[in-house]
Amino acid sequence: MTEDGMLVSARDLRRDYVMAGAVVQAVRGVSLDVRTGEYVAIVGPSGCGKSTLLNMLGAIDAPSSGTLTIAGRRLNGLSDRDATWFRLRHIGFVFQRFYLMPVLTAIENVELPMAEAGQGKSARRSRARELLTYVGLGERLRHRPTELSGGEQQRVAIARALANKPELLLADEPTGELDARTGTEVIGLFEQLNRDGTTLIVVTHDEDLARAARRVVHMRDGVIVDEHHR
Amino acid sequence: MTAALLLRGALTFLFAAQSIDSLPPRHPPRSVAIDERLAQDYGIHVGDTIVIAPTPQGKGDTVIVDALVRRTRDPSEVARGAYRIRVHLDELQRLVGYGDRVERFAVGTRGTAGADSALTAIDDAAFGFHAYSSHEIAVESSTTFLVVSRFHRAIGVITIVASAIFLLCIMLLKVDERRRDVAALRLMGISRGTIVRSVVLESALIAVLGSIAGVALGAAVSAFVNWHYQRVYRTPLTFSLVTGQIVVIAVGLSVGLGIFAGLLAAQRLVRRPPLSLFGR
Amino acid sequence: MILTLARASLVRHRARTLLAMLGVAVSAAMLLDMVMLATGMRASFGSLLVAQGFQIRLAPKGTLPFDTDATIPDASDIIQQLMARRDVVAVSPVLGAQLHVEHGSASVSAAALGTIAAVQGDYKLLTGRAPTGDDEIAANDALLEAVGTKLGDTLRVAAGFDPQLRTFTGRRSLRVVGRVHFIYLSAGERALAIPLDALQSMEGPSRTNRVSLLMVRLRDSANVESARTGIEQSIHTVSAISTATAIEQVEARLSYFRQLAFILGSVSLAVGFLLVTTLVTVSVNERLGEIAVLRAIGVRRTSIVKQILIEGTAIMLVGAVVGLGLGLVTARYLNSILAAFPGLPEAISFFLFQPRDAWLSLGLLAVCGILAGIYPAWRGASRPIAHTLREEAVA
């Protein structure tokens, strides 16, 4: 956390891509501060750069320019190894398409980040069980992703993202592949997580999910055009 | 230079070019022909005088090297390190104390019919002799090469089996890699038959191109093998031969195996329901 | 967890994994056979030569033992000279000849070895005793069967055949006192052992005091090479061949097999390498999205590479173990083909299994498996995460 209580502090972030010889400016100078415990939704039309921004916040993608500080750590110029370690310990990521390992069971999927962080087997198994119970899947520990519904898979993915107790949880269209009812369940889970102290930044088209957030940031053409608090 | 019969192993040749015998020859020196390799290894030339003796440091005859003889394409001589010299028959008989004896006669006849009647006549007339046709001798002395031939054939069979398995593995992998594409095509309404034909056509093309490359590689390797072993053993013998028949068999096998592997892989893929290919 | 992921990935595509293992097994079998071929003959021949404890062999000058019909003259003087050396414990003279055993109206030819029973190193006694008297022989089973005779029987044996008179020369009646197995003869070769004096006498004046070979046993503390050199320098009618030299010379004649072994072994390794590389590449290409996600959630590149390498190495190792068994079977078959070489001692094996060979093959394959997987694994794990996730989403 920075001195002023900011968990995330981004200044003039830019991200350019070269596609078919032309430079595409996906993010054009975005500055964003997020406090600990906030629940922020980033909304905007397709191609406005919101997923690209989220990837930069998650240290999955490096900005072309600008500065980014998360949990007091400057992310600019981090080596791949350090960025990976940072993601592992400080950031949880939830994807639209769940991206669970199909060869592992639900509990093994949740254990995966803990194993990578060097936790012992019994400790990580215990926490994984606890997390899956928290997300309502206490009875489905040994099921493989192909044996779970979309909503259940997404809940496993959320449990996995929480495995190493990250300060920040990022979600990219987490209800995008879910039906309305299941989407509502996941939205409810996010609200519960935020009530329990998790800082959330979600990117979404889903109005219900955006409404659940405390703060909504609007993006268009790679810049923030508006934001409001609920 | 009269060709003489070689006494198999009876003569211990002690080459003494480096110490030309000081004994005066009893008669004008006769001529001999020596192995080309002997000449190379000891720096002997046509016209040089040498001494040949039946025992090491025994008394011998001074002779003149009249010719160098190159080895024939005889497989039985390939690995033999022993040098050979050709000596006038009577001189050799006298030198080794063999008397008026030889080990064998080689008889030339007019045509095959002449050979058969000569064989019969010799067997009937000669005491204690047996006449063999050249073919019989060749068969008898070929046992070693028959063994090597069988060994090569066994290695060849093992290689073909191994290649077939490798080919199948790789074809399965490559075709399996495209299962999502295949699933999409099937969902679109493309028939199994069309997909199988397209995969088989692709594998046939790969097989043909691979076979052409393989033939070129095989020919190059064969040439190298001959060059290498002809140098090592100092022989004109051909060790490896790529014939039209061999090319036809090899290409036929590889193309056939390639098509079969493609067919098997394709069949395996189209048997599964399209959605299962998506992992659902 | 990496092990769990690796195992699960292998099990996910069972048919593919099994087929790849089969491919590696075939490659491993071939590799093992070639390693055995490259080393077996040398080991087999070497142990055969020292089986009876003779480290040096003396043959007529410029020849290898029994390579020609040449003989060593003044054998008794040479034996005395050798026994006078401090490093020599025993000398076994051997004379080789072809004898004719009369069998009805025809004859059966047999290889005859004239030896001195007390010091001989050419045969092992199976039943009866070694021949010591002038009228005694010991025969092998091939000869006994050929002439339909047994221990205690008497045979009419001749040294030669006069074609003009059509009579046998150097005839004797000899009693079979022993049944033996000849160590250095090929399978099925008919042979008999006879006291040296007796054979020399039967062969006539051309063989008086002459032998084909002298085998020398040295003291344990003796230096073989200096003894060999010393003997060759002091006795000018012989070539002295140590076991090591004999092995080298035979190897030189059969170097073709070693070279073939090297080439085919290399090809086997290369093909196995290719197979694992292809498998790993395809496997990685299929899982690019998964790999990107793993990286996104904080799994290190090295952990991912490790997992993929474990998969490749597991295929190699399991395939190798299966291949070892397969290789032993094919080696037996190939050995049976080469054992038919005319004149090859029965005890010689071209494909001799030594545990070291198995370890060498296993080690080579393990290294191969690792190397084969490294590049595709590293490439797959190094792709930009966001870009890959986007591509996979589109796909």
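Q: What distance separates the centres of domain 1 of chain C and domain 2 of chain C, and how is chain C divided?
A: In this predicted model, the two centres, taken over C-alpha atoms, are 52 Å apart. Domain 1 of chain C consists of 2–48 + 254–394, whereas domain 2 of chain C covers 56–221, and these bounds come from an automatic or database domain assignment.

Q: How many residues does each of these domains of chain C give to the contact, and what makes two residues count as being in contact?
A: The criterion is that the C-beta atoms, placed from the backbone, lie within 7 Å. Domain 1 of chain C gives five residues and domain 2 of chain C gives five residues. On the side of domain 1 of chain C that touches domain 2 of chain C, three residues are nonpolar, one is polar and one is charged.

Q: Why is strand S1 of chain C called largely enclosed?
A: A residue is buried if 20 or more other C-beta atoms lie within 10 Å of its own, and five of the five residues of strand S1 (residues 56–60) of chain C are buried, so the strand is largely enclosed by the rest of the structure.

Q: What makes S1(C) a partner of strand S12 and of strand S11 of chain C?
A: Pairing requires at least two bridges found by DSSP. Between S1(C) and strand S12 (residues 238–242) of chain C there are five bridges, and the two run antiparallel; between S1(C) and strand S11 (residues 213–218) of chain C there are three bridges, again with an antiparallel run.

Q: Why are strands S2 and S4 of chain B said to stand at the edges?
A: The open sheet of chain B has four strands in the order S2-S3-S1-S4, with mixed pairing. Strand S2 (49–52) and strand S4 (85–86) of chain B each have a single partner strand, so one side of each is left without a neighbour in the sheet.

Q: How do you know that S2(B) pairs with strand S3 of chain B?
A: At least two bridges are needed, and four bridges join S2(B) to strand S3 (residues 61–69) of chain B in an antiparallel run, so the two count as paired. Within this pair, Thr49(B) stands opposite Ile64(B) in S3(B).

Q: What makes S2 and S5 edge strands in the sheet of chain A?
A: The sheet of chain A is open, with four strands in the order S2-S1-S4-S5 and antiparallel pairing. Strand S2 (22–35) and strand S5 (73–74) of chain A are its edge strands, each pairing on one side only. Strand S4 (residues 65–70) of chain A is joined to S5(A) by two bridges, with an antiparallel run; as the definition asks for at least two, this pair meets the cut-off. Thr69(A) stands opposite Arg74(A) in S5(A).

Q: Which strands of chain A does helix H1 of chain A lie across, and at what angle to S1(A) does it run?
A: Helix H1 (residues 50–57) of chain A lies across strand S1 (6–19), S2 and S4 of chain A, and runs at about 120° to S1(A).

Q: What makes a set of residues a nonpolar core, and which residues have the most contacts inside the largest one?
A: A core joins buried nonpolar residues of the listed kinds, Ile, Val and Cys among them, through C-beta atoms within 7 Å. The largest core has 158 residues, and those with the most contacts inside it are Ile42(A), Ile201(A), Cys169(B) and Val24(C). Helix H2 (residues 14–50) of chain C provides the largest share of this core, 20 residues. A second, separate core has 51 residues, including Tyr123(C), Val176(C), Val211(C) and Ile241(C).

Q: How many residues of chain C are in contact with chain A, and which elements of chain C give two or more of them?
A: The contact joins 20 residues of chain C to 22 residues of chain A. The elements in question are helix H1 (2–12), helix H9 (288–296), helix H10 (301–338) and helix H12 (385–394) of chain C. By class, this side of chain C has ten nonpolar, five polar and five charged residues.

How values were computed. Residues numbered from 1 in each chain as written. Chains lettered and ligands numbered in written order. Predicted model: local features only at pLDDT ≥ 70, side-chain atom pairs only at ≥ 80, totals over all residues. Axes fitted to C-alpha atoms, helices over the stretch in contact; angles between N-to-C directions. Buried ≥ 20, exposed ≤ 12 C-beta atoms within 10 Å, placed from the backbone. Nonpolar A, V, L, I, M, F, W, Y, C, P; charged D, E, K, R; others polar.
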